Amino acid sequence: MQTTTIKSDTSKLQNAQRMTGSEAIVRSLIAEGVEVIYGYPGGAIMPVYDALYHFQDELHHVLTRHEQGATHAAQGYARISGKVGVALATSGPGATNLITGIADAQIDSTPLVCITGQVPSGLLGSDAFQETDIVGISTPVTKWNHQVTKASEIPQVIAKAFYIARSGRPGPVLIDITKDAQFDTLDFVYQKCTGIRSYTPEPQLNLACVKSAAALINQAKKPLVVWGQGVILSGAEEVFRSVIETAGLPAAWTILGASAIETSHPLNVGMVGMHGNYAPNVLTNECDVLIAIGMRFDDRVTGHLETYAKQAKVIHFEIDPAEINKNVTADIAVLGDAKKTLEALLPLLTQNTHESWRGRFAALHEIEYDQIIQRDLFPTKEGLTMGEVIHKINVYSKGEAAIVTDVGQHQMIACRYAHFNQTKSNITSGGLGTMGFALPAAIGAKMGAPEREVVAVIGDGGYQMTIQELGTIFQTQAAVKIVLLNNNFLGMVRQWQQLFFDKRYASTELINPDFGMIASAYHLPTKKVAQRADLDGAIAEMMAHDGPYFMEVVVEPEANVFPMIPSGASVSDIRLS
Amino acid sequence: METTIKRFTVSIYTEDNVGLLNRVSAIFQRRHINIESISSSVSEIESVSRFTILVSVTESNMQKIIGQIEKQVEVIRAYYHTDEETIYQESCLFKISSDLLFDERQIQNIVKESHARIVTVNREFFVLEKSGRRHEVDQLYRELKPFGIMQFVRSGRIAVTKEKMKITHLLEQFNQV
């Protein structure tokens, strides 16, 4: 490997300790402050597991039931704690099973370090048992990856991996370590990486751009902020709040931006995008200045690009230069870490309230409330709605829970209706839309914030994709509250079939097992709710329970999520029914 | 939306690491863009590699691709240029039966007029080398084809820019570290 780390101090070698590569891996993780790792042993990673055996007090290893579960758990841990999640797997199938989680972390900018074992370097390319080219496979879905074939490289490569994963726009990194490098010995010295000459984690703040942005915001008559996860990743929540309060800016969020400020904040006008709120979607196409902060104009957010906010001047606050003008052309691009750019912006803003403009949001919200929200949250018809379940969770968690969701109808409903009082509370698979994310991610989330209530809201389809992680919950007793919203359908696909494929329900109906019996087999307390009258008490009991808990709620099988921007339509053509 | 497809020479300065070519080419592959030619070499400083890639895309796509390439941790800088902005060349080798050199007078004329160079001659074959623009190489190929070409190979485009590369100053700094 080339020496690309800027600062290296060879004088520390005097304090070096001779040890095996595998011990060096474990000591490097501890030196990076890692407390918990998720993984699954196997042939090519066994020396590392042997080393872990000796460090059980310092580094907690969680045995998941599938390597995909390990990456999702590491993601859940990272998303709630802001720290780097770590996953460990063997070569071949162990490594390939990590890929879905890595791809998810890549598109959702989640810091992960994944370590895979590899066949001995002498066997590389020989089609050895459990050999796969994981560096080649993972290249397009990692921020960086590297294969280690010499024990002496280990500390430096791991230091680099953590630096890359957490700095700038975070992302997943994969380190593939051959078995001989794990067995060989080295003189171990650990030094954190502080810079790489070819890599600029964050662009330099350009004050002139900040000034232009401030001028445009100060002149705006109908400003709209759309914020994304960048606000959370940079820890900009407080300055973001000050910015919108000072300038009186109505602010809407992308799915990954949710919870950066509390749901009840008067300037929080809801979610944008395909199943977002009516007002921010419609008014995206009426605002005069669109202020995008730490978001990337995903197609699920913008709908039809050619009709997206064409009337507006666009200001884009973004850390990743590749996102500027990628989907939406920015009139002003403010590059940099959101916290730093917003801190520079704040003193330049003039006080405003934009009362009449904000009135438009309130008026449109009323329409959405009457036609959709009321019916979802306080239904009078027979058949439980997903919305009323989320509403009860809000009531009993008092908005303090972290909500971990899977993918589909329940996810959209949960994101629309969950109340968040704290940041880093909405943990979901946004960009990749990975079914099977929630159950293992909830385990990681609970371990990343043991003091917090973690509620996993999952559909019956996604639940069965990683249901084996009930074993991990049983073994670790991670106090995750599982709420299965069972409609016996792949609900979102069924909704599209109903609306766009003349109700041809091709392969979307699920004949499901007795979910309660399965959870009981793992000795989880279980509850099944099929009547509205039982819901309140059941949620109360679940939230009061100390430890993991499984609840199945049988919901209306053919309910739809609205509002909805049909695929390819403009945000302002959002449908209420 | 811009639809005019143009040919661009992409110059990518990178660390000299295993797997980087794969990472860079994946960026084109993902967007279903064919790489017309690629060459890799050391750059003006020893520890920095330089890829030269030829692609045909719209300019707005080109800009986005450059952004994605520059985002890679081990890529130092990436640039794109039009043909007008660069001095570029390709190189090619022809292996031809030696008999023809003596029997076919015309071949000697072709060699002379094309400014190609005879690299080696032995009893069996001779090897002809030509550097130049694509159309010059193509023309030589067309002229020699009727006589029979035993082997032919053409390199990817290599190019330098007419203007000073913006990276030059940075590379000088790297050299001082």
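## Nonpolar cores

A nonpolar core is a set of buried Ala, Val, Leu, Ile, Met, Phe, Trp, Tyr and Cys residues joined through C-beta atoms within 7 Å. In this predicted model, the largest such core has 178 residues, and those with the most contacts inside it are A:Ala87, A:Leu112, A:Val113, A:Ala456 and A:Val483. Helix 7 of chain A, residues 154-166, gives this core its largest share, which is eight residues.

The surroundings of A:Val483 can be listed in detail: leaving aside its neighbours within four places in sequence, A:Val483 is in contact with A:Val389, A:Ile393, A:Val455, A:Ala456, A:Val457, A:Met551 and A:Val553. Two residues of this group, A:Val483 and A:Ala456, are named among those with the most contacts inside the largest core.

## Domains of chain A

The domain assignment of chain A gives domain 1 (10-188), domain 2 (207-361) and domain 3 (386-554). Between domain 2 and domain 3 of chain A, the C-alpha centres lie 30 Å apart, and the contact takes 12 residues from domain 2 and 15 residues from domain 3. On the side of domain 2 of chain A that touches domain 3 of chain A, six residues are nonpolar, three are polar and three are charged.

## The segment around A:Pro557

A:Pro557 lies in the segment after strand 20 of chain A, a strand that spans residues 549-554. Because 13 other C-beta atoms lie within 10 Å, A:Pro557 is partly exposed. Leaving aside its neighbours within four places in sequence, A:Pro557 is in contact with A:Asn487, A:Asn488 and A:Phe489, while its C-alpha atom is separated by 20 Å from that of A:Ala456, which is 101 residues apart from A:Pro557 along the chain.

## Where chain B meets chain A

Contact between the two chains involves 18 residues of chain B and 17 residues of chain A. On the side of chain B that touches chain A, helix 1 (20-30), helix 2 (59-70) and strand 4 (75-81) of chain B each supply at least two residues, and the largest share, four residues, comes from helix 1 of chain B. By class, that side of chain B has five nonpolar, six polar and seven charged residues.

## Confidence of the prediction

The model scores ipTM 0.92 and pTM 0.96. For chain B, the mean pLDDT is 93, and 99% of its residues reach 70 or more.

Technical notes
Residues numbered from 1 in each chain as written. Chains lettered and ligands numbered in written order. Predicted model: local features only at pLDDT ≥ 70, side-chain atom pairs only at ≥ 80, totals over all residues. Contact = placed C-beta atoms within 7 Å. Nonpolar A, V, L, I, M, F, W, Y, C, P; charged D, E, K, R; others polar. Buried ≥ 20, exposed ≤ 12 C-beta atoms within 10 Å, placed from the backbone. Domains from an automatic or database assignment. pLDDT = per-residue confidence, 0-100.
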